[in-house]
Amino acid sequence: MPLTRRRILGLVPAVAGVSLLSACGGDAGHGGSFMVDDETLLPPLGAGDAASVFPSSVASGDPTPSGVILWTRLEQSAIEPDQDVFWEVAEDERFLRRVAAGRVPVSVLSPESDYALRLDVDGLLPANRFLYYRFAHAGVSSRAGRLRTLPESDDEVASLRLLVASCQDYTLAYFHAFGEMAQREADYVLHMGDFIYESAIVPLRPINLPSGGQYASSREDLLTIYRTHRSDANLQALLEAHTLICTFDDHEFANDLYFDGERPRGPDHPLDGDPEAYECHRQHDENQGHHLAC
């Protein structure tokens, strides 16, 4: 039976309503206004030291028939306050056949999001296509990424190729499989959650949290974990090569973060040992967030 977009969305429910960076990227960055300008000039692909300005490389996710979310993160020390962040999408790897381009004021970058940039280009791209994208700042080009938009709702799709991943923990294992997946031909990467773990207790590849604890208890702890995961070359290669579709899971915030009416389910939950805060959050949950500030 031919696959329409409706059937694809039935197979991949994570497409609808899930933000790439709130679900699988953590440091959400800026999703607001930007300028579309096809006359924007970027430095040549490969110009400058990409890793020194864009240390987490690039990623794309949340595809629609007319766009995706484009993501990158800038190194704070490399940010030039009087220069914009440029972006472009093209049909070819050499960026000779441009589809869309523009700029984002560097002022949108902030330490609260670890200087990450999330760019929603929905409405600017053709449907059901592989395209290439990149960013640039201060004369330096990021590495290029490849994205894929969704088919239109009435398109017939003969096949759908997904790479599936879940439960990745930088401290527990190496990501060689992601390097192999980056080399495979596929339409999308479907990530089933636990893009990070909130813990830093396994010594194979240790992460030193700013709080000094073994479990994330602050924004900076979580940003440190995300930043460390995204420093992995194999994970970078995977996200450069394939557009990401993802779902939430608990470890991206805290183990068993939901409440059962008595206590947090996991012994390592950040509200353990604080019954007053826990009770407030439990009531907040029962009242669907109305009139409570914990």
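In what follows, a helix axis is a line fitted to C-alpha atoms over the stretch in contact, and angles run from 0 to 180 degrees between N-to-C directions. The model is a predicted one.

**Helix 4 and helix 6**

The axes of helix 4 and helix 6 are 7 Å apart and meet at an angle of about 25 degrees. Angles under 35 degrees count as roughly parallel, so helix 4 is roughly parallel to helix 6. The crossing of helix 4 past helix 6 is left-handed. On the helix 4 side, the contact involves His 176, Phe 178, Gly 179, Met 181 and Ala 182. Helix 6 contributes Asn 234, Leu 235, Ala 237, Leu 238 and Ala 241.

Helix 4 spans residues 176-183, and its buried residues are Phe 178, Gly 179, Met 181 and Ala 182. Viewed down the helix axis, these buried residues fall within an arc of 160 degrees, so they line one face of helix 4. They pack against strand 10 (162-165) as well as helix 6 (233-241). On the face turned away from the buried side, helix 4 carries the exposed residues His 176, Glu 180 and Gln 183.

**Nonpolar cores**

The largest nonpolar core contains 25 residues. Leu 70, Trp 87, Val 89, Leu 109, Leu 125, Phe 135 and Leu 147 have the most contacts inside it. At least two residues of this core come from each of strand 3 (67-73), strand 4 (85-90), strand 5 (98-104), strand 6 (116-120) and strand 7 (130-137). Another core, of 24 residues, lies apart from it; Met 181, Ile 207, Tyr 226 and Leu 244 are among its members.

**Thr 40 and Met 35**

Thr 40 sits in the loop between strand 1 (35-36) and helix 3 (50-53), while Met 35 lies in strand 1. Their accessibilities are as follows.

| Residue | Relative accessible area | Class |
|---|---|---|
| Thr 40 | 1% | buried |
| Met 35 | 44% | partly exposed |

Leaving aside residues up to four places away in sequence, Thr 40 touches Phe 86, Arg 98, Ala 101, Gly 102 and Arg 103. With the neighbours up to four places away again excluded, Met 35 touches Trp 87, Ala 101, Gly 102 and Arg 103. Met 35 and Arg 103 are 68 residues apart along the chain, and their C-alpha atoms are separated by 5.3 Å.

Definitions and conventions: Residues numbered from 1 in each chain as written. Predicted model: local features only at pLDDT ≥ 70, side-chain atom pairs only at ≥ 80, totals over all residues. Heavy atoms only, no water. Buried < 20%, exposed > 50% of the residue type's maximum accessible area, 1.4 Å probe, protein only. Helix = DSSP H or I, 4+ residues; strand = E, 2+ residues; numbered from the N terminus. Arc of directions from axis to C-beta. Contact = heavy atoms within 4.5 Å. Core = buried A, V, L, I, M, F, W, Y, C linked by side-chain atoms within 4.5 Å. Parallel < 35°, antiparallel > 145°, perpendicular 65-115°, else oblique. Left-handed = near helix turned anticlockwise from the far one by under 90°.
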